[in-house]
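This report is written for a reader who is new to the structure. Please look over the sequence and the model before reading on.

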Amino acid sequence: MAAVEPSTPPLLAMRGVGKKFPGVIALSGVDFTVRAGQIHALLGENGAGKSTLIKVLTGVYAPDEGDIRLASQPIRPASPRDAERLGISTVYQEVNLIPTLSVAENIGLGRQPGKFGFLNWSALRRHARIALARLEIEVDVDAELGSLPLAIQQMVAIARALDLQAKLLVLDEPTASLDEKEVDELFKIMRQLRVAGLGIIFVTHFLDQVYEVTDCITVLHNGEFVGEYPTAGLGRLQLVSKMLGREVSDEEGHAAEGGRSAAVGGRPSSETTVPLLEACQLGRRGAVHPLDLTLRSGEVTGLAGLLGSGRTETARLLFGIDRADTGEIKLRGQPMKISSPRAAVQKGLAFCSEDRKTEGILPNLSVRENIIFALQAKRGAWNTLSRAEQGRLCTHYIQALRIKTGSPETPIKNLSGGNQQKVLLARWLATQPALIILDEPTRGIDVGAKAEIEQLIAKLRADGVAVLFISSEIEEVVRNSTRIAVLRDRRKVAELSGGEMELHRLLHEMAGVAKTHE
Amino acid sequence: MSEPRHRSWLKSPALWPLAGLLLLALVNLAFSKEFFSLTVRDGHYVGAMVDIFKNGSICLVLALGMTLVIATGGIDLSVGSVMAIVAAVAATLLQQGHSLALVLVAGLGVGLLCGLVNGLLISWARIQPIVATLVLMVSGRGIAQLVTGGFQVRIDDTHYTFLGNGFLFGLPLPPILVTVLYLAAWLGLRRSATGLFIEAAGDNETASRFAGLATARVKCLAYVACGLCAAVAGILASSDIKNANPLHDGLNMELDAIFAVVLGGTALSGGRFNLLGTYFGALLLQTLTETMYYDQVRSQVAPVPKAVLIVIVCLLQSETTRRWFGGLFRRASA
């Protein structure tokens, strides 16, 4: 890939960086180059390796291979402190300062001026004022950090990061919790710093912001380097397809469409039948704008969109995990209040969360207990499933889903990710749901297990279950869905069905650009 | 089929406190023959082992409730104070001449109420368990003093004092009552899905909630059960000493109960619990106390061996040390 300005020597050059974790190759042969006076976007979907790369750079992880040069000097940061000393400063998504301390204390934390263990308070304040003045921020250095708006806290974090003689500033999703005006403020500062000759790495999943503020884009996919591109020269559609790990030409888009028709036998059921679940103008401030969604029995509705587009948020509203501020839900034509997951389960809904570890498994309980859990919770404490019934359910699902486990009594935490996922699917299937929401059911599991889960989705559809299928893998969505709702920037922007469900069209909708051909 | 069952028995957390108990018994056997002597006096069995069961019954019953609370990932520091409140209420009502049935119902009701307050503060108001129950731990003794008017209250009712001093089949009544309570709890928890729900809520609260469990209700229930157990303990203790003392009843008993649970192999982080383990854990603790009493260790020094024992058992239960030991053996054999 052509470098932007080949004449200037790069500030940061990472070459052939690789990092393995047990069972996963997080990064392999990744190149990353940042120049002084440049805002460089680092983009990729979940699991692309962005955060691993940042952690290698900031000394959290040691790379297994590759080399890192800062201003032509080879470096190997051993810890975040070490990286800071070298001039690499990081501001994380969650402001990791101490809210109960003052602004000045936060800026000076860990490097307080003073002698013999006594703090030189006036020097501390002066320091903080200088650091903030550099960013043209006006804030009382004695104010308690926690009492300030989040955007100001974010800027204090940047001031703290730049207080050291920073050469490179890493901003890891700094805008995730900011509103539009606050984002503008942040961008103003980023532009100032660019003029001052800093290299800035900007990790985000908001494409608008990438085009607004960055000079250059590096895209990662599945831990591999896809390419480096000047922002001005890369269209949205191209960017999105690169993030999703594919080069789309028109022909290919149509070819994929043909493949889809072969894969999915089912057609959208008649529009006249009463839908299982209708959401009308369902929305929640800060999560997802009001949207309409209709889910029918015997249909797989795909929910497509980039990371942060509001897919999981929509699922959480439907399942009663988050309370909706607007709109209503009708179940089989009847208005329903789904105020908790418990209520949702009682009404025949099921939700397989994308976050297996914190929202799915009961790690120390056995495979058996994990499988029967949702059904038992639905039945209540006293209507107990007998040991024989439990055994029958377990045997059935362990065979049907080919769950590899030593015995039904093995704690689920000892199983591989794919098998844990299958146990969770079994948990929900055992409740015989009318609607099952599958949020990234194939994430982080091997190819064989993926194929099995796709077969399972097809079977559920054939059995007349309504399925809401969320996945970052766009081909998977196209392949398995009867219709596809597309989300972008927390809004529903399109609903595709039948012949419209082809890759190219979907990418256009996800990227938010008008369809160029035809 | 017999193979895995055999293995699961070996892995049972109840094994460690049982092993400790046997070890301590061996030590006693070596040092004093009297420890195991069992004589019959006035038709009652008498001996150190009987004392252990009788004096350990307070800790046993507290540890039963504490096991459930700890399994949900919480803790209840208020049980000692709840004992004092219940004893004060019972003694005051007895003094006013109320019937035994009313006194018992009132005592248990007060314990249930205390547990409910704790449970609601934790599950509904989402206050951290240690803070929420600390409130009642501190204020409970004040409440008990308010009930008695700041005095100790003597208990003369022979029916009431029979509970703590009576005998059944020649054995003291309290440990029999407590053992029956353990059996009932075990049946209730394991025959219904309540035990599973408690373990699930403690193992991963979010996942349990997302699977449709009313986790708040389950947690609240655990504190209510713990309050009830504290009430039983308060009744047994006051009945035993025929007195209610707002300042002294159940003092520091919450710590013994927590120790017993931990010794029994239920982790403070919540999740799996083991009632049999707790039972042995509480007995182990009492045996240690009784041993020191027998060997005339000064009471000021007594907490030290207790502490040492707890550290040893905790180390044995920790996966890290077990791995370390395992590594040591492997290296030695290599």
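## Confidence in the model

This is a predicted model. The average pLDDT of chain A is 83, and 87% of its residues score at least 70.

Residues 1-5 of chain A have a pLDDT under 50 throughout, and the model gives them 12 contacts beyond four places in sequence. The pLDDT is also below 50 over residues 250-270 of chain A, a stretch with 39 contacts in the model beyond near neighbours in sequence. Where pLDDT is low, the predicted coordinates should not be read in detail.

## Interface between chain A and chain B

The contact involves 29 residues from chain A and 22 residues from chain B. Between them, chain B and chain A bury an area of about 2,100 Å², with 63% of that area coming from carbon and sulfur atoms. On the side of chain B, Asp203(B), Phe210(B) and Ala211(B) supply 30% of the area buried against chain A, more than any other three residues.

There is 1 salt bridge between chain B and chain A. Glu369(A) and Arg272(B) form a salt bridge in which the closest N and O atoms are 2.5 Å apart. Three helices of chain B, namely helix 8 (173-191), helix 9 (194-203) and helix 10 (205-210), each supply at least two residues of the side that touches chain A. Helix 9 of chain B gives the most to that side, with 6 residues. Sorted by class, the side of chain B that touches chain A holds 9 nonpolar, 7 polar and 6 charged residues.

## Salt bridges

Over all chains the count is 26 salt bridges. One of them joins Arg85(A) and Asp82(A), with an N to O distance of 4.0 Å. Both residues lie in helix 2 (residues 80-86) of chain A, 3 residues apart, or about one turn of the helix. Arg85(A) is exposed because its relative accessible area is 61%, whereas Asp82(A) counts as buried at 18%.

Arg505(A) and Glu509(A) also form a salt bridge, their closest N and O atoms being 3.4 Å apart. This pair lies in helix 18 (residues 503-511) of chain A, with 4 residues, about one turn of the helix, between the two positions. Arg505(A) is partly exposed at 23% relative accessible area, and Glu509(A) is buried at 18%.

In the salt bridge of Arg191(A) with Glu212(A), the closest N and O atoms are 4.0 Å apart. Arg191(A) is in helix 6 (residues 180-195) and Glu212(A) in helix 7 (residues 207-213) of chain A, so the pair ties together parts 21 residues apart in sequence. Arg191(A) is partly exposed at 30% relative accessibility, as is Glu212(A) at 43%. Glu299(A), Arg483(A), Lys492(A) and Glu495(A) are linked in a network of salt bridges.

Thr301(A) lies in strand 15 (residues 300-304) of chain A and is buried, with a relative accessible area of 1%. Beyond four places in sequence, the residues in contact with Thr301(A) include Leu295(A), Val467(A), Phe469(A) and Arg483(A). Thr301(A) and Ala485(A) are 184 residues apart along the chain, and their C-alpha atoms are separated by 7.1 Å.

Ala157(A) is in helix 5 (residues 150-163) of chain A and is buried at 7% relative accessible area. Ala157(A) is 13 residues from Val170(A) in sequence and 11 Å from it in space, C-alpha to C-alpha.

Key: Residues numbered from 1 in each chain as written. Chains lettered and ligands numbered in written order. Predicted model: local features only at pLDDT ≥ 70, side-chain atom pairs only at ≥ 80, totals over all residues. Heavy atoms only, no water. pLDDT = per-residue confidence, 0-100. Contact = heavy atoms within 4.5 Å. Buried area = accessible area lost by both parts, 1.4 Å probe. Salt bridge = Lys/Arg side-chain N within 4 Å of Asp/Glu carboxyl O. Nonpolar A, V, L, I, M, F, W, Y, C, P; charged D, E, K, R; others polar. Buried < 20%, exposed > 50% of the residue type's maximum accessible area, 1.4 Å probe, protein only.
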